[in-house]
Each structure stands twice: as structure tokens, then as C-alpha cells.
Amino acid sequence: MASVVNPAAWRSVREAALSQVSSESEGIMLAVLGTRALLLYRIDEGEHRRREAVGAERLDSIPVLERLLGLPVDLPVPVGSLPQREELPGFPHGAVESDTELVTRRAVRPLAVDLAVVSATDWRRGLERAGRFAPFCRRAVLLRRPPCAGLDEILTEAAFYGIGVFVHDQDGIRIALQPEAYRPLRHTAAAWHFVEELYGRLG
């Protein structure tokens, strides 16, 4: 179940990560991918308004998202050129516009996830949990207390996986290691599905 981030905690993490995320990012705590994480995200207001205006249905099927990814956005495509012509009516309402001759994809991702932050006392467990978000966004682990020793080892291993390290000490939250930029090799239905799941839980 979604819960709004404690304002003070959210401000601390957001300020610490400001160089890594958009100033328009919002935050929410969710149980996702088998862990609790603070997700910093930005709503695509244009897509959000479009979906509300047409009463769009949820996009929660990976096979449907795969088919949508095969269509260009806002460019009519002849129905006869589709490899799965017989399944055209199966698109959820609001995802495409179509008639007997043309189909036009309207749906795009409704939001972008800038960063996932997983809080942990055990840094190895924290890195493993943060690593679950690798296909979807930048990742970081927030160490709830400064390590007594071995910070160099932590940073070396985290850097290998591209995971940022935030440390909560007496002066607040500081970034010991910046998270690696998220550069997906290609757009996937799984990544789109992750975004749709988050979007559905925001309502």
C-alpha cells in the first residue's frame, strides 16, 4: 500500500539527491520488488490529462505493452500491416485510436522514475535490494547509520554495480557515492509495466 513520505525525511533525501533528480520530482514510499523503497518520480502531466479525459483503462499486461511498443506514437499505421491484426480489439480503452483501416498509438509512459532509494542497516543486503531496480531507474542505498569501518569496501562494491550510497549521520544525510546514471539499452515492456504499476498505486 502506498504511503506519502514523511515530509522531513523526504526533504532530507531529496535535498541530498538534488543533483541526481529533477526539481519537480515527488516522493513516495512503496513496498515493491520485495522491499520497501523511496521512489522519486515525475508525472507526465500531458499523458495523465489525456488518460483522464478519455477514461483510459489500466495498462497492466506485459503482452499488451509489448504490442504497443511495436507501434509509433501518434503516427497512424495501416491495420493490415499489423502482425496480430486479429487482436486489435484487445487493446485497453484509451491506449490507441483505431478504425477499420488505421490504428494510432496514444499511450506513453505516464511517469518517469528518477531514483529508487532503499534504506538498510546491513549494507550488503541494502545493495542487493537496491540492485533489484537496475532495469528501471537509478538506485541508491541509504545506510541508516555510518559504518564503523570498511566504508571504502562498501563504496567499491556499490560503484561496481552503479548503486549510490547515502549515509545518515549526525549531520543529516550525505552522499558518499553518486548513483550511476540510468541508461537503458532499449525500452522494454517490463520497464513500462513497472511504471504503470507505480502509476496505478498513486491513485
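**Exercise 1.** Which residue in β6 is the bridge partner of Pro78?

*Solution.* First, some ground rules: the model is predicted, with local features needing pLDDT of at least 70 and side-chain atom pairs pLDDT 80 or more, while totals for chains, interfaces and linings use all residues. Residues are numbered from 1 along each chain as its sequence is written, and side-chain values use heavy atoms, leaving out hydrogens and water.

Now the answer: Pro78 has Leu102 as its bridge partner in β6. Strands here are DSSP runs of E, at least two residues long, and helices are runs of H or I, at least four, numbered from the N terminus.

**Exercise 2.** Work out the order of the strands in the sheet.

*Solution.* Step one: strands pair if DSSP finds at least two bridges between them. Step two: β4 (residues 77-78) and β6 (residues 102-105) run antiparallel and share two bridges, with Val77 opposite Val103. Step three: β5 (residues 96-98) is antiparallel to β6 too, over three bridges, and Ser98 is partnered by Val103. A three-residue hairpin links β5 to β6. Put together, the open sheet reads β4-β6-β5. Since β4 and β5 sit at the edges with a single partner strand each, one side of each is left without a neighbour in the sheet.
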